[in-house]
Amino acid sequence: MPIKNRFAELLPEITEWRRDLHRHPEVLFDTHRTSGIVAEKLREFGCDEVVEGIGRTGVVGVIRGKESKSGKVIGLRADMDALPMTEKSGVPYESETPGAMHACGHDGHTAMLLGAARYLAETRNFDGTAVVIFQPAEEGGGGGKVMCDDGLMERWGIEEVYGMHNWPGLPTGSFSIRPGAFFAAADLFEIVIEGKGGHAAKPHETIDSTLVASHVVVALQSIASRNANPVEQVVVSVTSFETASKAYNVIPPRVEMKGTVRTLSPEIRDLAEERLKKIAEATAEAYGATAEVVYERNYPVMVNSERETEFAAEVATRVAGDCAAADLVMGGEDFAFMLEARPGAYILVGNGETAPVHNPAYDFNDEAIPAGCSYWAELVERRLPAA
Ligand SMILES: [Zn+2]
Ligand SMILES: [Zn+2]
């Protein structure tokens, strides 16, 4: 069962939707036009329920199968937001909004899920409920988290949730996935060391914040080398180190440091945060200084659950003939919040040999649409099989 014929028929129309979205990119939660179009189309397709304003500008559509014996509910998610950057792709449907661009292909994700929603609402050849989820603010705004906080999973009783992202460099319309940790958590920290400033020739009258901060920088490397199991990945990088003095002969009273922590498992992430705070505070204390630590958790590790990943790979193989094993990605992905809330799987669909995402020359490849739509439709029909 390769591509569903209906999507070959619908391709020109879905491509038109995609290019219209491309022309009018909207950033973060400001997806008002996009959300309006999505809601209007879902109603037009005959969805049983269409709700706007979940997670500020998020949209949810509910499609009930022709049977409802299973009582099962699954969620399919697409992101809608663009990036604050200037397009240089040269395509005829280039962005008409200065300083905004669909450089991550979320226009394609939205169009593909709309195409699948249309097919599912037409055919309803399944037993249970499919919930299509359109989220804003994937690019740094945590829109997925805001939708979950708004009760997305509970309100519709979603039991499993699935996501998809286009992937430049992967053959057009082919698929790739991995179970377990897939995208990294990328956290931020700030450490302020407070000592006692004074004359550089009289160090005994000071508490040298520079010396204390330097010991902290070195000691932080023990998290990766001595606290984490060596087979696990963790990166701790101090990337900014500023003293409160510009002079040759003044010991500064304070030092401000910034940095990032990258991890691939929730356990190592907890460990890194805990150790980072302890090391900074205890090292400072040992020298008579104080450390103030601010640790900000950004997107969590995105973890594909085993069973759902295996199932997603089977569906992809039915559509494309094969499903490749994906590599770990050190970038972050907002879908991680939905996968923390429910089991599910995130899959990559090939965008062919195009410019990479977040590049001004990037464009979503419309030739991937039939494969992406077929994956969504097949996923629902196989996860919720009708008698
Ligand atoms: Zn992106
Ligand atoms: Zn993206």
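I began with Glu139, which counts as buried at 17% relative accessibility, where buried means under 20% relative accessible area, exposed over 50% and partly exposed in between, with a 1.4 Å probe and protein chains only. Cys104 is buried as well, with a relative accessible area of 7%.

I noted that this is a predicted model, in which local features need pLDDT of at least 70 and side-chain atom pairs count only at pLDDT 80 or more, while totals for chains, interfaces and linings use all residues. Residues are numbered from 1 along each chain as its sequence is written, chains are lettered from A and ligands numbered from 1 in the order in which they are written, and side-chain values use heavy atoms, with hydrogens and water left out.

Next I asked which protein donors hold the zinc ion (ligand 1).

Then I turned to the rings. I read that Arg56 has its charged end over the ring of Phe29, 4.0 Å from its centre, and that Arg383 has its charged end over the ring of Phe311, 5.3 Å from its centre; the rule is NZ of Lys or CZ of Arg within 6 Å of the ring centre and within 35 degrees of the ring normal.

How values were computed: Donors = N, O, S within 2.8 Å, 3.2 Å for Na, K, Ca; no water.
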